[in-house]
Every structure is written in C-alpha cells, then in structure tokens.
Amino acid sequence: MSDPTPAGSRLLDLVAVMDRLRSPGGCPWDARQTHASLLRYLLEESYEVVDAVESGTREELREELGDLLLQVVFHARVAQEDAEEPFGIDDVADAIVTKLERRHPHVFADEVAAEDLQGRWDAIKATEKRRESVLDGVPLQLPALARADKVLGRLQRTGLAEPVAAPPELDEDALGRRLLDLVAQAHAAGLDPEAALRTATRRLEGAARAAESARGAAGR
C-alpha cells in the first residue's frame, strides 16, 4: 500500500521545529544566530553533501541533505524577524517556484523547446537580472577553480572566449593527475596555485568586460 502522506508534509514539521527553537523558551544558541554567523555552517554543510555524493552511503547523503535543508529553513526563519524587510520560508519557496516556471517556458508554457536550452536559459536570466555584464553574479567567494570554470563557461557561451577542444585522451582521471601535477609544481616553486588562478581569472574578466564595453559602444 502506498503512503497516503503527501510529499513535503514533513517540511512543515521542520518549519515548526525551527520556529520553536528560535522562539522565546526555545534554544538560546539558535535564538542568537544571524545570517552572517550561519554562513560557515552553510558552507560546511554544502561541502559535506559533496563528500556524501562522491564517497558516502545513501544514508549519509540523506542525512547531509537534511543538514543543508536546515540551513535554508534557518536563514528563512531569521529573515522573518527582520524589522524592515521581513520574508519567510513561503516567500523563499514562491521565489524559486516562480523562477523555475519562468525559466522553463517549454515545460510550463506553450513555447517549443529551444535547440540550445542553456542559451535560452541564459537569455531569460539576462532579461530578469538586467545585468551589465555576462559575468555579473559570479560569486567572488567561489573557490578559484570553480570560479574559473564558471567564468570561462559564460564567456564561451556568449562568444567572448573561444571554445577549447578537449584533447582526445583527456578523461577525469587524466585531468585530475594534470591538475595535481600543476599543484605540485606550484608548491615546488613556492607559489600559491589558488591565488595564481584567481589572478588569471580576474585578468580574463577584465579583458572580457572591456570587450563587452567596446561591443556596446560600437552598437550605439
């Protein structure tokens, strides 16, 4: 017999538990947390989910996803108490539901699926955000390698960087060895590979933003 409990019903219980912890008579530690003080836990839980996906069990993944979900609910509960611009978990859910429906018109509207779904996604996103550059919104706090990957991906999709063909022999194992070799070489030379990649990425961003400005000037 199938479970008659609607999917998501326990999420309401989580919201209620968080409300109890944060309210008078609840947990003093939970009550004094802020968005800023919770950031370290948000990062830690995110990395623990990655670890569970890569090397953990199904039980560990389930637990770590729960810990990450708690951080979202916790932040929403803190936001609910803001004196000037309060919002709660329903506002958070509404925002992401609306965004997903808007960015998938081929699913939730009558639009035929575009051949380049990523390009269509980027175009819709650009009209929403009204950003001056395709690089706006790439978090500075990302690890250097993840940030470089995101910057290059955006530049290549918009023609601001030439796509690079993958060597036929390159697979995940070979790539990992190459990266590890570069880290070893940097260590031998007394260089910080994280800092070096951040600097190179910033230079690439600067050149790309200059190219965008030149495009805009030429179009006026």
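1. The accessible surface of the chain (Shrake-Rupley method, 1.4 Å probe) comes to about 16,100 Å², and carbon and sulfur atoms hold 58% of that area. Buried residues (under 20% relative accessible area, 1.4 Å probe, protein chains only) make up 18% of the 220 residues.

2. This is a predicted model, in which local features need pLDDT of at least 70 and side-chain atom pairs count only at pLDDT 80 or more, while totals for chains, interfaces and linings use all residues. Residues are numbered from 1 along each chain as its sequence is written, and side-chain values use heavy atoms, without hydrogens and water.

3. The chain has ten helices and zero strands (DSSP runs: H or I of at least four residues for helices, E of at least two for strands). Its radius of gyration, taken over C-alpha atoms, is 22 Å, well over the 17 Å of the globule rule (2.2 Å times the number of residues to the power 0.38), so the chain is more spread out than a compact globule. The C-alpha trace spans about 55 × 50 × 45 Å along its principal axes.

4. L11 lies in helix α1, residues 9–22. With 44% relative accessibility, L11 counts as partly exposed, because that category runs between the 20% and 50% limits.
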